[in-house]
Each structure stands twice: as C-alpha cells, then as structure tokens.
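Work through the exercises below with the structure in view. Each task is followed by a solution in steps.

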Amino acid sequence: MTERQFCAGERVFPLTRAYVMGILNVTPDSFSDGGRYLDPEKALARAIEMEQEGADIIDVGGQSTRPGYERISPEEEWARLKEVLPLVAEHTGLAVSVDTFYPQVAEKALVAGARIINDVSGFGEDMLRAVAGSGCGCVVMHPGDSQTVPEEGSRDILQVVRGFFQDRLEAAGRLGIGPQRLCFDPGVGFGKTLRENLRLIAQVEAAKVPGCCYLMAASRKRVTGAFCGNPPFEQRLPATIAAHTAAILGGADMVRVHDVKEAVQAARMASALKQIGEEQRDG
C-alpha cells in the first residue's frame with residue numbers, strides 16, 4: 001500500500017500525523033489580525049516565531065477574504081507579498097504557502113520561494129495550468145460564496161463538497177497534477193450554514209477524497225464563537241482547538257491556525273490519540 005503524503009516541490013509531508021499551517025496575513029483588513037504584519041520585517045519576525053513554536057508551514061496572504069471583503073487587484077496583492085516571501089523562504093526552514101486566487105500572483109510567488117499555493121476560489125482551470133509544471137502543493141478550498149449562505153437543510157453539504165473535490169481531482173489529473181500534490185479544504189465559514197460548518201468539522205471522512213491530504217481551517221471563525229457567547233476573535237482559541245481536535249480525530253491531516261504554539265500541542269496530542277485508536281481497531 002502506497003504511503004499517503006502531501007508533496008510540495010522538494011518538501012514531502014508523510015500523512016502520519018497532523019501538520020500545523022500558521023497564518024501570516026500581510027493585509028490591513030483581515031478579520032482577526034489585519035494590519036499587524038504589513039511591514040516585511042515584522043512579518044519575518046512572526047514567521048520565525050511560528051517556526052520556533054513548531055509550525056510546519058507558513059501560509060502568507062496578501063488579500064483578506066473575510067465576509068464583506070473588497071477584492072484588490074493582483075498588482076496590489078503582489079506588492080504586499082513580493083518583499084515578504086523571499087525573506088520568509090530564506091530565513092526559515094518552513095515550507096511557504098501563498099494564499100491567492102490570482103494565477104499571475106501564484107506564478108510570481110513560486111519563483112519567489114513559495115512551495116504551496118492555497119486558492120480559496122477552488123483552483124479553476126487557469127490556476128491549475130499556472131502551477132501544473134511547478135511541482136508545488138495545491139490547497140484546493142471548496143469556494144462557497146461567503147456573502148450568500150443557502151437555506152438550512154437545502155442540500156447535503158458533505159455530498160456537495162466531496163463532489164467538488166472529486167471534480168478538481170480529475171481536472172488536476174488531466175494536467176498531470178497527481179493526488180499527492182493536492183490538499184483539500186472544505187471551506188468552513190465560506191457560504192455555509194452553522195450546521196453545515198459543524199458537519200464538515202465533525203464528519204471529515206464523509207467529505208474526504210481517498211489518497212489526498214485534507215486541511216481543516218476553522219481558526220477563530222464564526223462557528224467557533226457560536227456556542228461560546230460569540231467572544232471576540234482573539235478569545236476563540238479554546239473553541240478553535242476543540243474544532244480542530246475533532247477534525248484531526250475524524251481524519252484531517254492539517255490545520256490552519258492563528259495561534260501556532262497552542263495548536264501544535266493540540267495537534268500532536270490528537271495525532272497520538274488517533275494513532276492509538278487505529279492500532280486498537282487494527283489489532
């Protein structure tokens with residue numbers, strides 16, 4: 001049986017434990033940390049700090065996709081990224097991911113040292129063609145409309161998300177992008193109802209595509225505040241850890257987080273528990 005792994009250029013992540021992707025937003029308006037790391041030196045300092053805290057990947061974003069966001073041009077997005085990416089790639093030992101839905105930005109980011117492209121719009125044909133020959137890892141998010149949420153109970157979200165992932169797997173394969181380069185993200189918080197978000201967190205295996213990496217990204221999102229009195233974003237760490245732990249125990253391979261130190265501890269514990277559970281079932 002071939003070992004499951006996520007390949008991002010020369011970086012290979014055996015999917016034997018849960019990995020932590022730290023969020024580094026170089027934006028003025030991200031929902032939780034906008035404006036904190038616009039300066040390249042501050043961004044680098046935070047990247048180094050996340051590496052020391054145990055992060056496996058740094059996900060750098062130059063454009064907010066919070067609810068109600070205003071889209072900026074690829075030129076403006078690249079202007080925010082172009083100094084930060086080489087610094088983080090050179091001065092940390094981490095795999096660098098870039099959060100963009102612009103193919104032209106992805107191409108420049110890969111030249112600047114990125115090894116993963118994280119596309120919240122779901123890797124359309126233009127993006128797939130832009131990265132096909134690079135060998136990079138591809139984080140493919142289910143791109144529900146964050147501005148429009150469907151009526152509760154109007155669809156089976158697990159079937160919708162899995163069907164989308166299967167479609168993207170086949171489209172990627174036609175361009176020579178194998179399943180080991182794909183990591184699927186169900187898009188918690190993007191055009192989903194509260195119950196749909198909960199199902200995606202609690203029923204990972206029902207949405208996963210066999211053989212591919214699976215990312216859960218619920219950090220500080222509305223679903224993590226919904227049952228806790230809706231505290232401010234920065235006070236949603238316990239609920240975030242609970243959501244991500246449930247997802248890891250259910251089969252998630254990676255979590256995308258703001259609070260790296262705490263997430264690393266939780267992910268390592270959850271991975272150990274999951275491994276014991278699997279050994280008991282197999283034995």
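**Exercise 1. Contacts and burial**

State what share of the contacts with a separation of 6 or more is made by residues 24 or more positions apart.

Solution. In this predicted model, residues 24 or more positions apart account for 68% of the contacts in the protein with a separation of 6 or more. Next, take burial: 54% of the 283 residues count as buried. Finally, the surface: the protein exposes about 12,300 Å², and carbon and sulfur atoms supply 50% of that area.

**Exercise 2. Overall form**

Count the helices and strands, then compare the radius of gyration with the globule rule.

Solution. The protein has 11 helices and 10 strands. Along the principal axes, the C-alpha atoms fill a box of roughly 50 × 45 × 40 Å.

**Exercise 3. Charges**

How far apart are the mean positions of the positive and negative charges?

Solution. The protein carries 31 positive and 38 negative charges. The mean position of the positive charges and that of the negative charges are 2 Å apart.

**Exercise 4. Strand S6**

Find the strand paired with S6, then sort the residues of S6 by the way they point.

Solution. Strand S5 (residues 95–99) pairs with S6 in the parallel sense, over three bridges. Asp-99 has Asn-118 as its bridge partner in S6. Strand S6 covers residues 116–119. Asn-118 points one way together with Ile-116, while Ile-117 and Asp-119 point the other way. Are these residues buried or exposed? All are buried, that is, under 20% relative accessible area.

Terms used
Residues numbered from 1 in each chain as written. Predicted model: local features only at pLDDT ≥ 70, side-chain atom pairs only at ≥ 80, totals over all residues. Heavy atoms only, no water. Helix = DSSP H or I, 4+ residues; strand = E, 2+ residues; numbered from the N terminus. Rg over C-alpha atoms; globule rule 2.2 N^0.38 Å. Buried < 20%, exposed > 50% of the residue type's maximum accessible area, 1.4 Å probe, protein only. Contact = heavy atoms within 4.5 Å. Areas by Shrake-Rupley, 256 points an atom, 1.4 Å probe, with all protein chains shown as cover. Lys, Arg positive; Asp, Glu negative; His and termini not counted. Charge placed at Lys NZ, Arg CZ, Asp CG, Glu CD. Pairing = 2+ DSSP bridges.
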